[in-house]
Amino acid sequence: MTNIRNIMILTGAGVSAESGIDTFRDSGGLWEKHRVEDVATPEAFARDPELVLRFYDMRRAAIQTKQPNAAHAALARLEAEWAKRVPGGTVTLVTQNVDDLHDRAGSRNLIHMHGEHLNAWCTACDERVPWRAPLLDRPACPACGVPALRPDIVWFGEMPYRMEDIYGALREADLFVSIGTSGAVYPAAGLVRGARDIGARTLELNLEPSQGSAWFDEARHGPATQVVPAWAEEMLSGG
Ligand code: APR
């Protein structure tokens with residue numbers, strides 16, 4: 001792939017699947033075991049906060065026992081080495097994932113558009129604070145002391161984070177790569193069309209064709225820990 005300076009990468013749950021974190025819509029996925037309406041909307045939190053807090057406490061504890069995999073590592077390496085190969089070139093990583101595996105793998109130019117498990121958000125003082133412990137027992141906010149902490153997760157019906165930054169990076173992209181996402185949830189699923197509109201090349205790396213696969217110039221199907229390192233190596237070696 002020549003003439004590529006700025007790369008924008010969108011990841012989803014599939015990139016963390018081989019680290020042992022459930023995806024949402026695959027067989028045996030989270031949304032088969034839990035109803036979105038019960039655990040992932042502001043209405044659900046108002047109706048039954050205990051059910052919602054218990055769900056996220058379980059997931060927050062689980063991700064702390066998982067490790068980044070070869071796909072996370074390859075993306076961090078690509079970011080670290082791309083500017084050496086293409087002076088002034090950028091790699092922007094936008095993730096829908098709320099785990100911290102990209103962060104722990106070393107990705108830095110990283111946007112968590114759906115929030116983060118390891119943060120809590122105080123609905124009294126609007127502070128976001130690093131948080132690893134359960135929230136079920138309604139602990140006090142470290143900033144204001146009010147027991148008004150909720151998971152810092154973008155629930156259905158809420159606006160994703162940093163959309164201005166995401167669209168800004170998209171406008172500069174020469175290559176848009178989607179990894180491990182089903183393309184079921186907007187606005188993330190619409191980014192590929194935005195990329196096409198500005199003339200960027202589009203590539204899908206996924207276990208199987210996603211709902212948006214028709215929008216991609218190229219697709220490579222297989223487990224992320226295989227297709228992502230191979231693709232990153234190809235980019236860094238000028239293939
Ligand atoms: N390697 C590559 N891709 C994989 C792997 C793997 N090992 N395992 C699964 N996949 C692919 C699946 O084929 C599927 O297309 O990852 C995708 C996972 O899709 P979803 O479970 O729908 O997850 P995602 O696209 O990230 O969901 C988007 O929906 O539930 C909300 O807010 C939540 O961020 C999430 C959003």
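A polar contact here is a pair of N or O atoms within 3.5 Å; within protein, one must be able to donate a hydrogen and the other to accept it, and residues adjacent in sequence count only if both atoms are side-chain atoms. This is a predicted model, where local features need pLDDT of at least 70, side-chain atom pairs count only at pLDDT 80 or more, and totals for chains, interfaces and linings use all residues. Residues are numbered from 1 along each chain as its sequence is written, and side-chain values use heavy atoms, with hydrogens and water left out.

**Stop 1: the ligand**

Select Glu18. One of its polar side-chain atoms sits 2.9 Å from a ligand nitrogen. Next, select His114. Its polar side-chain atom is 2.9 Å from an oxygen of the ligand. Then pick Ala13, where a polar backbone atom lies 2.8 Å from a ligand oxygen. The protein buries 94% of the 730 Å² that the ligand exposes when taken alone (accessible areas by the Shrake-Rupley method, 1.4 Å probe).

**Stop 2: the sheet**

Select 115-122, strand β4 (strands are DSSP runs of E, at least two residues; helices are H or I, at least four; both are numbered from the N terminus). The three form an open sheet, ordered β5-β4-β6, with antiparallel pairing (two strands pair if DSSP finds at least two bridges between them). Five bridges join β4 and β6. Find Glu116: its bridge partner in β6 is Asp152.

**Stop 3: the helix**

Select 49-63. This is helix α4, lying across β4 and β6 and running at about 135° to β4 (axes are lines fitted to C-alpha atoms, for helices over the stretch in contact, with angles from 0 to 180 degrees between N-to-C directions; contact means heavy atoms within 4.5 Å).
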